[in-house]
Amino acid sequence: MSDERRHDHRHVDPGIPAAPQDHSHAVTPVKPHLHEHVDHHPARRREGKGSPNVAILCEGMCAGYYGRDVLDEVTFEVLRGEFVGIIGPNGSGKSTLLKVIAGLLEPQCGYVEVLGAPPGHGTGVGYVPQTELVNWSFPVSVFDVVLMGVYGKLGLFRRPGAADKRAAEAALDEVGMRDYAGAQIGELSGGQQQRVFVARSLVQDPQLLLLDEPIAGVDATSQHAIFTLLEERQKRGMTIVATTHDLSCVATWFDKVLCLNHRVIAFGPPSEVLTDETLSATFGSHVLVIPEAQAALRSAQH
Amino acid sequence: MDFLLAPLQQEFIVRALIASTLIGLVCSVVGVYVVLRNLAFIGDGIAHASFAGIVIAYLFKFNLYIGGLIVAVLTALGIGAISRRSDISSDTAIGVMFTAVFALGVLLMSRVRNYVVDLQDFLFGNVLSVDRTDIMLVTGLTIGVLLVVFAFYKELLFASFDPLMAQASGLPTVALSNLLLVILAVTIIVSLQAAGIVLVAALLVTPAAAAYQLTNRFDGMMAVSAAIGVGSAIVGLYASYYLNAASGSTIVLTATLCFFLALAFSPKRRSLLTQVLAARRRVQMAAR
């Protein structure tokens with residue numbers, strides 16, 4: 001998580017003009033400075049306007065369902081190699097934001113760029129959906145589920161081959177679920193299911209991994225296992241964005257935290273963002289910070 | 001042996017047997033998706049809506065199945081579009097759409113009262129009346145549907161299990177679910193011969209639901225479902241012959257029997273039998 005490592009991923013191509021970047025990690029102003037660098041050259045947009053070390057660029061984006069906006073003028077930027085947590089209360093737009101980045105939902109306005117391409121048009125983005133939306137009684141084995149990770153790039157009419165199966169086994173090894181390969185997916189605990197889903201996205205070897213509530217309903221052991229293996233991948237250059245409503249893990253694992261409540265309340269390193277003011281602005285007045293979490297936050301701030 | 005061979009002396013029984021075997025196969029294979037994706041109500045809706053197409057085709061004197069197929073596919077895609085683009089629940093959309101189209105069919109039918117007897121076959125199915133052309137149509141459409149299922153096997157599996165992740169991986173999930181609805185519509189039209197509009201949903205759902213009790217694997221579920229579907233079609237047709245009963249009802253009831261047997265002996269849960277015995281033991285203990 002050192003700064004040097006981040007700079008390792010900065011391969012500034014002189015051909016592409018680097019967008020002006022705001023490196024101040026102060027609590028982001030509530031009003032995003034969105035029209036500051038609005039692109040007046042639509043042609044340039046297609047080439048991507050973020051510099052190569054930017055994984056996600058989001059400017060004045062709004063999105064929602066059936067005409068109702070869930071996200072309002074969201075502006076932030078994730079650098080390659082960062083581990084970013086998105087926190088906010090239920091219904092604050094965390095999942096919606098991930099869906100926009102994953103290319104599953106078209107934004108209504110603003111500009112979004114993911115790994116230098118419009119969302120959903122590039123490769124290298126892995127997405128782990130919320131496990132509570134999945135039909136766990138579906139008749140598939142753990143191995144079948146992980147193998148689905150290669151389906152997207154296989155293309156039509158091709159069946160997974162021996163190399164794909166080896167990749168699936170390796171991914172199961174990485175998450176420590178190799179022994180369960182033959183089990184029906186519904187036989188596993190919540191934490192084990194989550195690890196299998198992470199394995200499925202790792203098969204694709206993504207540069208950017210998006211996880212929707214990866215530790216919801218997951219026991220402490222699996223939480224630790226999941227974050228440890230994600231951190232391991234991060235060290236090898238992967239960018240990770242995860243939503244959570246569990247504040248206790250925020251200071252320990254994330255490089256930066258995005259506090260979201262329909263709009264960006266704050267964005268920056270945990271020590272700067274996790275203040276009483278931003279938390280109550282994010283979660284409303286009824287935020288309950290338990291003593292242990294408060295201690296963890298305090299130690300993170302120093 | 002004679003019991004099995006005697007009916008086959010008559011050509012119309014052979015034709016009916018071929019038709020119901022193919023219908024049993026295609027329904028039980030497509031039924032796996034119907035059960036796992038909760039499309040049973042959509043299937044019922046498509047079947048009812050197709051009736052309007054059949055009546056229109058009857059009025060204008062062209063092939064009844066083509067007429068039914070066109071309306072069935074349009075209804076299927078219409079239901080898909082409505083449930084995707086608005087916050088109306090798909091069940092509500094189906095409830096509104098299919099009853100409306102069915103009502104249109106009933107209205108048209110009541111205007112041509114003298115043909116009612118012929119059209120009644122479509123309500124309850126009469127596989128004994130299939131002719132050579134029908135056999136060709138059923139065979140062609142069955143092969144077509146099975147080929148599509150085979151070709152898009154992994155895509156349909158992924159999109160059925162986890163549509164969000166499938167879409168994020170670049171699979172065209174909207175096109176795939178439309179494809180599935182079209183397959184479903186074709187399957188339903190093919191099956192009207194055997195089961196009719198009212199019973200076709202059972203051919204789709206029951207074998208697959210029975211198979212679901214017996215296996216934990218997707219390919220296994222498809223194989224077991226196909227076996228139950230084909231078996232029920234053959235057994236049901238013989239039952240229909242010897243009981244002199246409507247073929248649709250005997251085929252469906254045979255499949256239903258398979259379903260309850262599967263439920264009782266399912267390795268997935270503690271079998272029903274063991275549960276009943278345990279409950280009886282508890283009652284006896286309490287009585288003491």
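Author: A helix here is a DSSP run of H or I that covers at least four residues, and helices are numbered from the N terminus. In this predicted model, helix H3 of chain B spans residues 40–59, and B:Lys61, with a positive phi near 60°, follows H3(B).

Reader: Why is H3(B) called largely enclosed?

Author: A residue is buried if 20 or more other C-beta atoms lie within 10 Å of its own. By that test 14 of the 20 residues of H3(B) are buried, so the rest of the structure largely encloses this helix.

Reader: What are the elements of chain B as a whole?

Author: Chain B holds 13 helices and 0 strands. Read from the N terminus, its elements are α-α-α-α-α-α-α-α-α-α-α-α-α.

Reader: Why is B:Ile183 called buried?

Author: The cut-off is 20 or more other C-beta atoms within 10 Å. B:Ile183 has 23, so it is buried. This residue lies in helix H10 (residues 173–214) of chain B. Leaving out residues up to four places away in sequence, B:Ile183 touches B:Val30, B:Val145, B:Val148 and B:Val149. B:Leu203 is 20 residues from B:Ile183 in sequence, and their C-alpha atoms are 15 Å apart.

Reader: Which residues of H7(A) are buried, and what covers them?

Author: The buried ones are A:Gly191, A:Gln192, A:Gln193, A:Gln194, A:Arg195, A:Val196, A:Phe197, A:Val198, A:Ala199, A:Arg200, A:Ser201 and A:Leu202. That makes 12 of the 13 residues, so H7(A) is largely enclosed by the rest of the structure. The cover includes strand E5 (125–128), helix H4 (142–147), helix H6 (162–174), strand E6 (208–211) and helix H8 (220–235) of chain A. Helix H7 of chain A covers residues 190–202 and reaches 18 Å from first to last C-alpha, close to the 18 Å expected.

Reader: What makes A:Ala171 buried?

Author: Against a cut-off of 20, A:Ala171 has 24 other C-beta atoms within 10 Å, so it is buried. A:Ala171 is part of helix H6 of chain A. It touches A:Val146, A:Gly149, A:Ala199, A:Leu202 and A:Val203, not counting residues up to four places away in sequence. A:Leu202 is 31 residues from A:Ala171 in sequence but 6.3 Å away in space, C-alpha to C-alpha.

Reader: How many residues of each chain take part in the contact between chain A and chain B?

Author: Residues are in contact if their C-beta atoms lie within 7 Å. On this count the contact takes 22 residues from chain B and 18 residues from chain A. Helix H8 (153–161), helix H9 (163–168) and H11 of chain B each give two or more residues to the side that touches chain A. That side of chain B divides into 11 nonpolar, 6 polar and 5 charged residues. For the complex, the predictor gives an ipTM of 0.82 and a pTM of 0.81.

Reader: Where is confidence lowest and where highest in chain B?

Author: It is lowest in helix H13 (residues 272–287) of chain B, with a mean of 66, and highest in helix H11 (residues 218–243) of chain B, at 95. Chain B averages a pLDDT of 87, with 92% of the residues scoring at least 70. The mean for chain A is 80, and 78% of its residues reach 70 or more. In residues 1–46 of chain A, pLDDT stays under 50.

Terms used
Residues are numbered from 1 along each chain as its sequence is written. Chains are lettered from A and ligands numbered from 1 in the order in which they are written. This is a predicted model: local features need pLDDT of at least 70, side-chain atom pairs count only at pLDDT 80 or more; totals for chains, interfaces and linings use all residues. pLDDT is the predictor's confidence in each residue, from 0 to 100. The expected span of a helix is 1.5 Å times one less than its number of residues. Two residues are in contact if their C-beta atoms, placed from the backbone, lie within 7 Å. Ala, Val, Leu, Ile, Met, Phe, Trp, Tyr, Cys and Pro count as nonpolar, Asp, Glu, Lys and Arg as charged, and the others, Gly among them, as polar.
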